[in-house]
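These questions ask how each description of the structure is reached, and each answer sets a value against the rule behind the word.

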Amino acid sequence: MTPTLPEDQVYALIGDDGFRRLVHAFYRQIPNDDILGPMYPANDWEGAESRLRNFLIFRFGGPPTYIEQRGHPRLGMRHMPFPINKDARERWIQLMNNAFAEAALPTEAEDVLRPFFEHVATFLINRKES
């Protein structure tokens, strides 16, 4: 199914609050997750949450705060230090799906965001199964 909402209009639809709800619901699950939790520095939960939120806001039509603070996203390079295999990818998607359920975003926004997350999560796999 092709989304009806252009990518650059997601921010106009859900705004800061929608992205805040989604990303907060996602990160609330991370500290106790046995696969993803160890990948995050325990002393930087707020920073990690802020970076993802600002990236998504920028990527989907909002203010360029992420670019102003961090420059080009370079997602592959930034994630290379973390052992992202298929299991990590699947868990990330599972936790984001849980976050979607909690955030209760409009269907039009989810129809754009879900395929993006699926694609990027696959792109970021950087370790073969052992």
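Q: What makes Arg114 and Glu110 a salt bridge?
A: In this predicted model, the closest N and O atoms of Arg114 and Glu110 are 2.9 Å apart. A salt bridge requires a side-chain nitrogen of Lys or Arg within 4 Å of a carboxyl oxygen of Asp or Glu, and the pair therefore qualifies. Both residues lie in helix 6, four residues apart, which is about one turn of the helix.

Q: Which residues is Glu110 in contact with, leaving aside its neighbours within four places in sequence?
A: With those neighbours left aside, Glu110 is in contact with Phe100, Leu105 and Pro115, where contact means heavy atoms within 4.5 Å.

Q: How do you know that the side chains of Glu102 and Arg28 meet in a salt bridge, and what does the pair tie together?
A: The N to O distance between Glu102 and Arg28 is 1.9 Å, and since the limit is 4 Å, the pair counts as one. Glu102 lies in helix 5 and Arg28 in the loop between helix 1 and helix 2, so the pair ties together parts that are 74 residues apart in sequence. Both partners are partly exposed, Glu102 at 48% relative accessibility and Arg28 with a relative accessible area of 41%.

Q: Why can the pair of Asp34 and Arg91 be said to tie parts together?
A: Asp34 forms a salt bridge with Arg91, with the closest N and O atoms 2.9 Å apart. Asp34 lies in the loop between helix 1 and helix 2, whereas Arg91 lies in helix 5, so this pair joins parts that are 57 residues apart in sequence. At 61% relative accessibility Asp34 counts as exposed, because that value is over 50%. The structure holds nine salt bridges.

Q: What makes Tyr40 and Trp45 a stacked pair?
A: The rings of Tyr40 and Trp45 are 5.8 Å apart, centre to centre, with 25° between the planes. Tyr40 is buried at 19% relative accessibility, while Trp45, at 24%, is partly exposed, because the limit of 20% lies between the two values. Tyr40 and Trp45 also belong to one aromatic cluster, whose members include Phe19, Phe60, Trp92 and Phe117.

Q: How do you know that Arg59 lies over the face of Phe60?
A: Arg59 is placed at 5.0 Å from the ring centre of Phe60. The rule asks for CZ of Arg within 6 Å of the centre and within 35 degrees of the ring normal, and Arg59 is accordingly listed as lying over the face of Phe60.

Q: Why is Leu22 called buried, and what is it in contact with?
A: Leu22, found in helix 1, has 0% relative accessibility and therefore counts as buried. Leaving aside neighbours within four places in sequence, its contacts include Met96, Ala99, Phe100, Leu113 and Phe117. Among the other buried residues of helix 1 are Ile14, Gly18 and Phe26, and what covers the buried residues of this helix includes helix 2, helix 5 and helix 6.

Q: What makes the phi of Ala104 worth a remark?
A: Most residues other than glycine have a negative phi. Ala104 has a positive phi of about 50° although it is not a glycine. Ala104 is placed in the loop between helix 5 and helix 6, and at 55% relative accessibility it counts as exposed.

Terms used:
Residues numbered from 1 in each chain as written. Predicted model: local features only at pLDDT ≥ 70, side-chain atom pairs only at ≥ 80, totals over all residues. Heavy atoms only, no water. Phe/Tyr/Trp six-rings, centres within 6.5 Å; stacked < 30°, edge-to-face > 60°. Buried < 20%, exposed > 50% of the residue type's maximum accessible area, 1.4 Å probe, protein only. Helix = DSSP H or I, 4+ residues; strand = E, 2+ residues; numbered from the N terminus.
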